[in-house]
Amino acid sequence: TAGVSASSSHVAGLVRIPTVRASSSARRAPEYSLQPCRSRLQGSLPTNSTCRARTGPHLSTASRATPTACSHSACSRALRSGLSAPRSPKLTAFRALHGACMRRALSLSSAALVASRGARALSMAGAPGVSLLGQDAAIALDEDLMATPGFSVDQLMELAGLSVACAVVDAYPAATSCLVVAGPGNNGGDGLVAARHLVHFGLSNVVVVYPKRPEKSLFANLVKQCEDVGAAVSSELVPGEHDLGGYDVVLDAIFGFSFRGVPRAPFDAILAALERPSRPPLVSVDVPSGWHVEDGPTGPVKLAPDVLVSLTAPKRCARHFAGRHYVGGRFVPPTIKAKYGLELPPYPGVSQVMELEGWGR
């Protein structure tokens with residue numbers, strides 16, 4: 001299986017990636033971010049400060065502008081002249097000038113923002129890598145997140161499931177139906193939360209297969225929440241009733257990073273069905289089910305998802321994944337990032353996930 005290039009930098013579980021891309025939710029951010037120049041007008045930035053605005057479609061203009069020294073006074077004059085007309089010549093001139101300032105600033109920080117498939121992208125050339133967690137570290141980090149006081153398990157599940165749903169919609173925006181296969185643990189809970197959000201996001205047919213349901217009220221509540229929004233929850237994958245070919249996408253939320261051993265019934269048969277070449281596009285939550293969390297598909301299950309949504313940080317098995325790779329972990333506090341030496345991508349705007357473009361190439 002294709003993995004990360006051997007030339008990638010590996011330092012304490014880090015790997016460099018070519019590009020990090022914001023999900024489609026970031027597209028709803030305000031069109032322009034001119035706050036740094038407004039701050040300059042208010043005297044909060046020194047005259048020779050480098051322009052630090054990092055958002056807005058005018059970034060695409062930067063690549064065409066001639067690099068010049070940052071000129072906040074010129075930016076300020078353009079801003080004073082008025083930029084209310086979206087297509088005015090003054091705005092065009094400002095965008096070219098402002099773009100050149102920003103390109104110089106971003107090159108100094110080894111990151112260049114460019115337009116990519118309708119969303120902003122961050123070039124990671126020369127920038128820190130993205131952490132890859134081993135199994136023990138992933139378990140310990142999860143425990144730290146849920147330390148008292150801290151996050152509750154249902155809080156983390158809600159945030160994780162929302163991230164998964166955002167990634168599914170970003171990867172397959174035309175999808176109207178989704179089959180969610182949920183396992184007996186927290187990964188299955190993430191799948192239940194994702195199913196509910198997918199209904200809220202507009203998918204008209206969301207079905208959950210949930211063969212083994214824990215007795216905890218948390219999971220019973222998640223099932224009820226799915227049913228309340230019209231997502232049917234079934235106890236088994238019924239041939240004919242749950243024909244995989246009838247769905248636009250399948251969400252694998254069976255096993256997570258704590259899984260060890262060989263899948264047992266009924267999940268062995270379900271995973272065999274998900275391995276068939278004829279199945280719809282497959283999205284795996286955190287770890288492709290049946291994979292070794294560090295070594296990848298070394299066991300009997302050779303699941304090959306099209307999309308992987310890593311939660312908190314990618315696990316080491318992601319080195320063996322070559323599809324579209326998203327990270328959802330905007331909820332990780334700085335103290336925990338520092339404790340585990342996590343390098344995570346920035347999440348601009350209101351995006352809950354970032355796509356790691358070029359992963360495994």
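Pro149 sits in the loop that runs between helix 5 and helix 6, with helices (H or I, at least four residues) and strands (E, at least two) taken as DSSP runs and numbered from the N terminus.

The model is a predicted one, in which local features need pLDDT of at least 70 and side-chain atom pairs count only at pLDDT 80 or more, while totals for chains, interfaces and linings use all residues. Residues are numbered from 1 along each chain as its sequence is written, and side-chain values use heavy atoms, with hydrogens and water left out.

As for the overall picture, the protein has 10 helices and 13 strands. Of its 361 residues, 51% are buried; buried means under 20% relative accessible area, exposed over 50%, and partly exposed in between (1.4 Å probe, protein chains only). Taking contacts (heavy atoms within 4.5 Å) between residues at least 6 apart in sequence, 75% join residues at least 24 apart.

What about the inside? The largest nonpolar core holds 43 residues, a nonpolar core being a set of buried Ala, Val, Leu, Ile, Met, Phe, Trp, Tyr and Cys residues joined through side-chain atoms within 4.5 Å. Leu179, Val250, Ile254, Leu271, Leu274, Leu303 and Leu342 have the most contacts inside this core. Helix 5 (135–145), strand 6, strand 7 (205–209), helix 9 and strand 13 (354–357) each give two or more residues to the core, and the largest share, five residues, comes from helix 9. Apart from this core lies another, of 39 residues, with Ala171, Val193, Ala194 and Val353 among them.

Helix 9 (residues 267–274) has Phe267, Ile270, Leu271, Ala273 and Leu274 as its buried residues. These lie on the same side of helix 9, because they cover an arc of only 155° around the axis, the arc being that of the directions from the helix axis to the C-beta atoms. They pack against strand 6 (177–182), strand 9 (249–253) and strand 10 (282–285). Leu271 and Leu274 also turn up among the residues touched by Leu303, along with Asp252 and Trp291, when residues up to four places away in sequence are not counted.

Leu342 is placed in the loop between helix 10 (334–340) and strand 13, and counts as buried because its relative accessibility is 8%. Leaving aside neighbours within four places in sequence, Leu342 is in contact with Ser131, Leu133, Leu141, Ala313, Val332 and Lys337. Phe201, in the loop between helix 7 (186–200) and strand 7, is partly exposed at a relative accessible area of 39%. With the neighbours within four places left aside, Phe201 is in contact with Leu162, Ala165, Cys166 and Val169.

Most residues other than glycine have a negative phi. Asp286 is in the loop between strand 10 and strand 11 (307–311) and is buried at 3% relative accessibility. Thr312 is in the loop between strand 11 and strand 12 (324–328), and is buried too, with a relative accessible area of 8%.
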